[in-house]
Amino acid sequence: GGEGGKGGAPVLFGEQEILEGITWGSGAFNPFQTPAVLVADWIGFIVLGGSACFLYLILTGFHGPRGDEKYFAGYREEKMMSVYVNSFAAYVYWARCASHANGDVGPVAYIHLLKYVDYLFTCPLLSADLLCTLNLPFKVTYPYFVWLNIGCGVGCSKFVGPARYMWFVLGMALFAVAWYSVYLIVMMRLRQISGSKLTQKCSATIQFAAAIYFSIWLGFPILWLLLEFKTINHPISLCMHAVLDVVAKSLYGFVLLSFQITAEKEEFVFLPLMPRIDINDDEESERGDADVELGYHFNEHGLQKDVTPMGPVVGSSKQRRISREMQMEVARSKGIPFPGSAYSSPAMPPAMGGADESAILRQIQSLNSQLNDMVPDDGRRM
């Protein structure tokens, strides 16, 4: 690519040379003006723009689990990432549609390169949205890996060989690291959610969102390979990119938001993952990869549900069973739902007076003190 042809026009090879051919008025085949691409870009703008508006209305209209916080999302703006993703993607599609209106001829055709700015901005946000929703580690680091990966994608799309293949190799290496790193921690949280009666009703929603996230990632390198080996042409590639954009940003945004709203209404609290790295095989088989304790905690609003991953294993398995039985006994005597017992219904107990609530809190604190006395003084606690 980039070698001169008749009249100084380049020999077309890849998107960059197509854009140059259009700009220089070479009369080269213009894939951006095919009817399928025109329709796909307008549909992409309408769907992504509409999704941004609806997501914004839903988020700003949600006033917290008790309905008394007017600016619930305003003070938790990490929940607005789906709005940023869809609105910026719609902005890019609008720019492409404006270029179509001018016939995609002249310098305006370079607006199509804006899609790479879109990917550099929105793809890390899609990852950060999932990690923040599930309160998983590396909320900045893993999206940064994604950003580097997208940068490699720009290189292997804009350059000719051998540079394009060098960028592709580096991009796939970063892709494997980022994809697998996110997959590991997301699967740990999903096992916790699906393994609890309290969170099973929203388990299918977050599993669907994760399925979209991990499967769509695979679609982009596959499209690059199909185009590189001329299995598909440029118009088909452009249309398929529009489809992947809509699924990855619009559909994924709504599914993830559905889970977020349900989790907020149920007041689930996802605490940091704390899997053991020095656990033996017997204990591992007993508690699973990332066991979870679902229970209740007291705060200024009263008794609330929370999702608490198990911390470091304390003492022997027998000690852990004893501690759980003691907690169940206190819960049973006070009518507090406790997972794994006959009182593990997600229904909240009847409203309690201040004195009763304080008494229960004191008993739980006393119980915790007794349990801590069973723990070797090595800094590890339940």
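Y183 is partly exposed, with 31% relative accessible area, while F214 is buried at 6%. Here buried stands for under 20% relative accessible area, exposed for over 50%, and partly exposed for anything in between, using a 1.4 Å probe and protein chains only. The model is a predicted one, so local features need pLDDT of at least 70 and side-chain atom pairs count only at pLDDT 80 or more, whereas totals for chains, interfaces and linings use all residues. Residues are numbered from 1 along each chain as its sequence is written, and side-chain values use heavy atoms, with hydrogens and water left out.

Back to those two rings. The structure holds 21 aromatic pairs, and one of them is Y183 with F214, an edge-to-face pair at 5.4 Å centre to centre with 80° between the planes. It joins distant parts of the chain: Y183 sits in helix α6 (residues 163–194) and F214 in helix α7 (residues 203–228), 31 residues apart. For pairing, the rings of Phe, Tyr and Trp (its six-membered ring) must have centres within 6.5 Å; planes under 30 degrees apart are called stacked, over 60 edge-to-face, and the rest tilted. Helices (H or I, at least four residues) and strands (E, at least two) are DSSP runs, numbered from the N terminus. Ring pairs also tie Y183 and F214 into a cluster with F175, W179, Y213, W217 and Y252.

Two charged side chains turn up over rings as well. The charged end of K70 sits over the ring of Y71, 5.7 Å from its centre, and R96 lies over the face of Y93, at 4.9 Å from the ring centre. To qualify, NZ of Lys or CZ of Arg has to be within 6 Å of the ring centre and within 35 degrees of the ring normal.

Next comes the second largest pocket, with about 990 Å³ of space. A pocket is an open set of points on a 1 Å grid over the protein atoms alone, where a 1.4 Å probe fits, with protein on both sides within 12 Å along at least five of seven lines; lining residues have an atom within 4 Å of a point. The volume is the space filled by probe spheres set on the points, which are joined across faces, edges and corners. The lining of this pocket takes in 43 residues, and S157, F220, L223, W224 and H241 lie nearest its centre. Two or more lining residues come from each of α1 (14–23), α4 (114–133), α5 (141–158), α6, α7 and α8 (234–266), with α7 giving the most, 10 residues. By type, the lining splits into 27 nonpolar (Ala, Val, Leu, Ile, Met, Phe, Trp, Tyr, Cys and Pro), 7 charged (Asp, Glu, Lys and Arg) and 9 polar (the others, Gly among them).

C202, in the loop between α6 and α7, is buried at 2% relative accessibility. Leaving aside neighbours within four places in sequence, C202 is in contact (heavy atoms within 4.5 Å) with F259, T262 and F268. Most residues other than glycine have a negative phi. F138, in the loop between α4 and α5, has a positive phi near 60° and is partly exposed at 44%. K230, in the loop between α7 and α8, likewise has a positive phi near 60°, but is exposed at 67%.
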